[in-house]
Amino acid sequence: MNAVLMIGVGVFLCAVFTVLGIWHRAIQAAEDERLFRQMREAEAQGSNQALTQHPQIDIGQCIGCGSCVQACPEHGVLALVEGKACLVNASGCVGHGCCETACPVGALVVGLGDIAARSDIPLLDNEGETSVPGLFIIGELGGIGLIRHAIVQGTGAVEAIHRRLQEDSVPEDGRAPLDLLIVGCGPSGIAASLRAHELGMRFAVIDQDDLGGTVRKYPRNKMTLTQPVDLPVYGRMKRTQYRKEELIELWEGVFSSTGIKVRAGVKLAGLDQRDDGTFSATTSAGEIVCRHCILALGRRGTPRRLGVPGEESEKVLYRLIDVVDYADLPLLVVGGGDSAIEAALALAAQPGNRVVLSYRRNAFFRIKQRNREHIEAARQEGRVEVFFNSQVERIDPGETVLALNSDAGERIGGQVVPAEFVFVFAGGEPPFPLLKGMGIKFGGSARDEAGHAMKGGG
C-alpha cells in the first residue's frame, strides 16, 4: 500500500512540476515577446542607437544572472532576453558603468564600441588626443557622459600633456606660449584646470558662458548622479548625488581657493596650428597662443532657433532655470527630447499652470524610459497636452500658432495655443563644423595619416 501511495505521490509531483515548467516557459516566452516588441519599437523610434558609452555584451560569456539589469539606474535600458543580457533601449544609457561592476563574469564592458560609422564622434586616442597632434577633446564632446567620467578624462588628458612638457621643456619667458589652453569649463574642463594648477602649468581657461558649463544650465534643485570620484585639489567627492546648486558652489569654492580665473563670456572662433606646432586660438577676446589645447566644449553648442516670426520676443526662452518663477500661466514647451519633457513635467507640477508640449515628430524618440512613462502619465491625467506632428508657425503676444501636420509632413490644419512663455528645447548646434575646420577627424573618416590607432572617446 505504501509503495502504491509513494508511486501516486511521485506521479502527482511529476505532473505538478511539468505543469509549473510549462507555465514558467509560457510566462518567459510572453516576456521575451514583449521585450522583442519593445526592441522593434526602439528601432522604429531610433532609440536603439546609443548616444554615448554603453554596455558591450559578450553573449557567449553571459550567464543570464540578471545582475546587470538590476544594477542599472536607468530603467528599461537592459533586460534578459531568452536568458541573455540584451541592450533594449540603448539611447537611454548614459554610461553609469554599474552594470559592468555588477557582472560576476565580466561579460560586458561599458564603452563607445565601434564608431567607424558615427560621424558625430571624433577619433581620439587613449589619452583624448585628436588626429591633430597636441589638440585634445574631453567630456561630452567625445561621447563620454556623466560627471564622474568627465572628471577622470579631464585629469588624464592634462597628465598626458604634462608628461610631454617634461620631455620637451621650453624656456619660460613673458613671450613664451602658454603650456595649455582649456576651452570650456564644465565638469571635464574644471578637472583639467585644477589638475593643471596642481602640476604648475601655465594655462588659461575660457568659456562662452561661465564655470559649470551645462550643469549651470540645469533646472533649479536638479539632482545629479556623480558616483564617488577624486577631483583634483578638492579630493574625494564621496556622495552619489548632488543638487545642481551644491556642485556649482563646490566648484566655485575650489576655484576661489586656488586663484584660477575663468575668462567667462569668451568664445572660441577658430584654432590654427602654426609651423612650430603651437596653436593660435582666435577668440572673442583676442588671440591666445598655446602649445597644447583641450576642447571641453560639450555637444549642445548654441541653442537651435526655430526661425519663425515672433521668436525674438523676450518671452521665448531656451532653458528653464527656476521652475518656481512660473505659476498660474499658460505655457508652451517645444521639443521632444529629455530636456523638453523634463521641463514640461516640472512646469506642469507648479500650481495653476496649463502646459502644452509641441513636437514635430509623431512619437517621442531617444528619451529615457522613466521620462516616457512620466509624460504618458501626465497626458492621461490631463496635466500636459501633447501635440505630435506639430511645428511653431508664429509666436504672438500671449499665444502661439502651431501647424498640425500629417505623418508625411503635409500641413493639415492649425492650432492656436495660449502661451505667456514659450520654452524652446530644439537641441543645439554642435560645434562639429568648427572642429572639422581644425582638421579633427570623426568616425567614418580614414585612419589618422600619422598612423597611430584611434579609438572613439578615449
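R239 is partly exposed, with a relative accessible area of 39%. Keep in mind that this is a predicted model. R239 has a partner: the side chain of E246 forms a salt bridge with R239, and the closest N and O atoms are 2.9 Å apart. E246 is also in the partly exposed class, at 24% relative accessibility.

That pair is part of a longer list. A search of the whole structure gives 17 salt bridges. I will show a few of them.

Next, E252 and R216. These two form a salt bridge with a closest N to O distance of 2.8 Å. E252 sits in helix α6, while R216 sits in the loop between β8 and β9 (223-225), so the pair ties together parts that are 36 residues apart in sequence. As for accessibility, E252 is partly exposed at 39%, and R216 counts as partly exposed at 25%.

Then there is R304 with E429. Their side chains meet in a salt bridge at 3.2 Å, N to O. How many residues apart in sequence are the parts that this pair ties together? The separation is 125 residues, because R304 lies in the loop between β17 (302-303) and β18 (316-317) and E429 lies in strand β26, residues 428-429. R304 has a relative accessible area of 31%, which makes R304 partly exposed. E429 is partly exposed as well, at 40%.

The last item under this heading is a network: salt bridges link E127, E129, R163 and R164.

Take L231 as an example. Leaving aside neighbours within four places in sequence, L231 is in contact with I151, I190, A191, L194, M237, L250 and W251.

S131 is in the loop between β5 (123-124) and β6 (135-137). Is S131 buried or exposed? S131 is buried, at 12% relative accessible area. Its side chain has two backbone atoms to look at. A polar atom of the S131 side chain lies 2.9 Å from the backbone nitrogen of K441. On the oxygen side, the backbone oxygen of G439 is 3.3 Å from a polar atom of that S131 side chain.

Finally, the surface. A nonpolar patch is formed there by L5, V9, F12, L13, F17, L20 and W23, and together these residues have about 760 Å² of accessible area. One of them, L13, lies in helix α1, which covers residues 2-45. L13 is partly exposed, with a relative accessible area of 39%.

That is what I wanted to show. I am happy to go back to any of these sites.

Technical notes
Residues are numbered from 1 along each chain as its sequence is written. This is a predicted model: local features need pLDDT of at least 70, side-chain atom pairs count only at pLDDT 80 or more; totals for chains, interfaces and linings use all residues. Side-chain values use heavy atoms; hydrogens and water are left out. Contact means heavy atoms within 4.5 Å. A salt bridge is a side-chain nitrogen of Lys or Arg within 4 Å of a carboxyl oxygen of Asp or Glu. Helices (H or I, at least four residues) and strands (E, at least two) are DSSP runs, numbered from the N terminus. Buried means under 20% relative accessible area, exposed over 50%, partly exposed in between (1.4 Å probe, protein chains only). Patches are made of residues with over 30% relative accessible area and no salt bridge: like charges are joined within 9 Å, nonpolar side chains (Val, Leu, Ile, Met, Phe, Trp, Tyr) within 5 Å. Accessible areas come from the Shrake-Rupley method with a 1.4 Å probe; for residues, only the protein chains shown count as cover. A polar contact is a pair of N or O atoms within 3.5 Å; within protein, one must be able to donate a hydrogen and the other to accept it, and residues adjacent in sequence count only if both atoms are side-chain atoms.
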